[in-house]
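Me: I'm new to reading protein structures. Could you walk me through this one, a feature at a time?
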Amino acid sequence: MNRTIFPEIKTVDTVSFPETKLLHLANGVPVYVINAGEQEVVKIELMFKAGKWYEPKNLIADFTNRMMREGTTTHSAKEIADSFDYYGANLQYSAGFENAGVTLYAMSKQAAKLLPLLKEILTEATFPQAELNTVINNRKQRLKVDLEKNDFIANRHFVSALYGPKHPYGRVTELEDFKTIERSDLLSFYQRYYHPRSLTIIVSGKFEESLLQSIQQYFGSAPIINKEVVTDIVHPIEPSTELIHHTEKADSVQSAILLGNICINKQHPDFMKVSVMNTLLGGYFGSRLMTNIREDKGYTYGIYSSFVSYPHGGFFEISAEVGKDVKEATLKEIAHEINRLRTEPVSKEELQIVKNYLSGKIMRSLDGPLKFSETLKGLLTYGQSTDYIHEFLKTVKEISAEEIQVLACKYLDYDQMYKVTVG
Amino acid sequence: MIKFEEFVLPNGLKVIVHEDHTTSMAAVNVLYKVGSRDETPQQTGFAHLFEHFMFEGSSNIPHFDSPLQNAGGESNAFTSNDVTNYYDILPATNLETAFWLESDRMLSLAFETESLETQKSVVMEEFKEHYINQPYGDVWHKMSALAYKVHPYQWPVIGLNLSHVEHVELPSAKEFFFKYYRPGNAVLVVAGDVTVAQVKNLAEQWFGEIPAGEPLTRHIPLEPEQTEPRMLEVTADVPVNALYIAYKMCARMHPDYHAADLLRDILSTGESSRLYNKLVKEQKLFSNIAAYTTETIDDGLFMIEGKLNKGVSMESAEKAIEEVVLQMVTHTIDEQELEKVQNKMESYLAFGETNILNRAMNLAYYEMLGNPNEVNLEIEKYRSVTAEKIREVAGRIFIKEHSNILRYYSKNQQ
């Protein structure tokens, strides 16, 4: 057998994914239903427009979300935890920049039993002061530990340089900020933003249709008084005038590097193409940054680039932790890779690998109901439909070396990037 | 329930096939039965460094990753105390690419000095990033050495120090490969949109000609029973005091294992768990606390670790943990609490099976332990654990003479 010859490769031309049904509860709340797969498990995600973007001061979105499970008018935190745990269910709470909410993971046979208590958490939370004090203490302890990590510090300096310290994307938490959290802040944020008018539900997994009736029963009855989603809030950006931010850490053996700039988000027509360009530069294990700085030079365990997208903005970043003695050498190589992208068209072979890799990655992101629900959630956040997936695959197939070079010149300029180093 | 078929090639390679035609992907998992427990005390971190080296080109293929990426796939690997596990996930239509790549690196590696040198640097940066430049990063180094005196579990998978990694030379890499990376010491699992017949053909074609190599014998020293409690106190530049307690516990295949695992859940899984409620919420001694087991082939550790609140002494924190765990020895839990952890386990196992790569890894892992079908018997084993059995097993684990305590003081708080 000749082992030097590649087996023939078939490219991914079309992708398929589970069918999504859109229902509306009696009060108008949209429910996206993905009933597919083999395992009798279900994931019910309840997503509100209650993220950091809407908070009146730092930590309120986060703590409102964190504290909902700490007691309701009729159940204590322990009783709530006991009930979900007894049925083998898991609740995950999350508060991002735009959305916040809770996701229930359960065996399909148990899910309906948990909905009354889930509803209670979302409508009757009491935010008890004693529990709040404990959570504040624990979160302060965690922040103290995080503040010892170079990559964590670098990220704080980076986002506040990009957006300014008042903007939700640039605001960082100081230990003193925890003192300003009042129970009343949480209650009023909860009442205003955890409201059915800003709720979207995604149900995925393999389950009986009767589960949807239970969802209607518990989440479809609360009236939506005002159909309008929370009015948008504008936060001005106040970028730092200094591009270079260094924090010296005498006892560090490595330096954290973070560089980049404010850039387009997923709503921009260039975003799909820019994602292909980013994959080539630093978005996968075979990327130029990884190949040069890890696989050739051995300066780091890993280096990545990404276009981070939020509904109200986005930025580009390159991050790595490198040996302290090779920090300058790494920056030089990053500049070199960015300039190479701007000045030379990528070879046909290299571009083809990126295209094939990305097509496979799109396929993986659609595999199975639970995985697909994550992809769908990403689309819904930007008001996009599943057509986006087919369009993205088409873009990946059609993009040319010349287009990538034009985009690199348009969006990537090493000299204009913020450069944060810690260590 | 994971359905599968299995066969063995004449060179000793065990192959397991799990068909799932609801996906269009395929997962290819190759597990080698070699980990840091196979290292010598003079050359720790070797198995993990070697895992990196496995991506640096094989006899006929200059680089592992790019052909796989070209086939729309992705790959990664991990090394533990006991095994080194490699996996590829790709569109099932390109399954043969994974066979070509995995079989070529099982046949032989390129063994180039330059790529070994680069991977040594990469691993040293990994070591610095996770174990040196990280608050509490050296805990596992300290705890392994405290709890094990003879067995190779006394050093962490990353290695004892940077210099062991730095001094690896090519001849020892070759010797290691031809000793441990032979077909008879490996398990190949293929899962996803594939058929048994197809995998059989591909396995014979690509792996069939790989020489079986010499039969493998291991001489791993047994850890003698610990007869008195051990304690180590460390002071470091960390923000808060932390406490780590390791009790000796049984091996993964021991009949006590499932009860011990549920015991861990009672103490620490979920917000209804005992350690969290008693010590974080009620007594407010810790800002976080967790228990876990090391799940090793040879005797393992039952770990409890937590960060202390300001003003709490190590002694009172230890005493509080001891009270909670001894309660498990003196009192039998009620049926409700037992059902709770069994239900949680059932759900955990079911969610783990939603992903073909997980299913492939599980089949390989249970084959390594002795029988791939064990993966399907797990839930029954957990269900048949009784409250009394948990109490008995707690009595065998929470023994003072078997405890190893690491008091990790903050320079500013002591």
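Predicted model: local features only at pLDDT ≥ 70, side-chain atom pairs only at ≥ 80, totals over all residues.

Me: Which strand holds the residue opposite A:I257?

Reply: That is strand 11 of chain A, where A:T421 stands opposite A:I257. Strand 11 (residues 418-422) pairs with strand 8 over five bridges, again in the antiparallel sense. A general point to carry along: side chains in a regular strand alternate between the two faces of the sheet.

Me: Is strand 8 of chain A largely enclosed or largely open?

Reply: Count its buried residues, meaning those with 20 or more other C-beta atoms within 10 Å of their own. Strand 8 of chain A (residues 254-263) has ten residues and eight of them are buried, so the rest of the structure largely encloses it.

Me: Now the bigger picture. How is chain A divided into domains?

Reply: Chain A has domain 1 (21-219) and domain 2 (244-422). Their centres, taken over C-alpha atoms, are 29 Å apart. To see how they meet, look at the contacts: 24 residues of domain 1 touch 27 residues of domain 2 in chain A.

Me: Which element gives the most to the domain 1 side of that contact in chain A?

Reply: Helix 5 of chain A does, with nine residues. By residue type, the domain 1 side that touches domain 2 has twelve nonpolar, eight polar and four charged residues.

Me: How many residues does each chain bring to the contact between chains A and B?

Reply: Chain A brings 59 residues and chain B brings 57. Several elements of chain A supply at least two residues each, including helix 4 (129-146) and strand 10 (313-323). The chain A side divides into 23 nonpolar, 19 polar and 17 charged residues.

Me: Last one: which residues touch the most other members of the largest nonpolar core?

Reply: They are A:L104, A:I201 and B:A27, in a core of 139 residues. Helix 13 of chain B (residues 356-369) gives this core its largest share, nine residues. For B:A27, set aside neighbours within four places in sequence; its contacts then include B:Y87, B:I89 and B:L357. There is also a second, separate core of 53 residues, with B:V240 and B:L262 among them.

Terms used:
Residues numbered from 1 in each chain as written. Chains lettered and ligands numbered in written order. Contact = placed C-beta atoms within 7 Å. Helix = DSSP H or I, 4+ residues; strand = E, 2+ residues; numbered from the N terminus. Nonpolar A, V, L, I, M, F, W, Y, C, P; charged D, E, K, R; others polar. Domains from an automatic or database assignment. Buried ≥ 20, exposed ≤ 12 C-beta atoms within 10 Å, placed from the backbone. Pairing = 2+ DSSP bridges. Core = buried A, V, L, I, M, F, W, Y, C linked by C-beta atoms within 7 Å.
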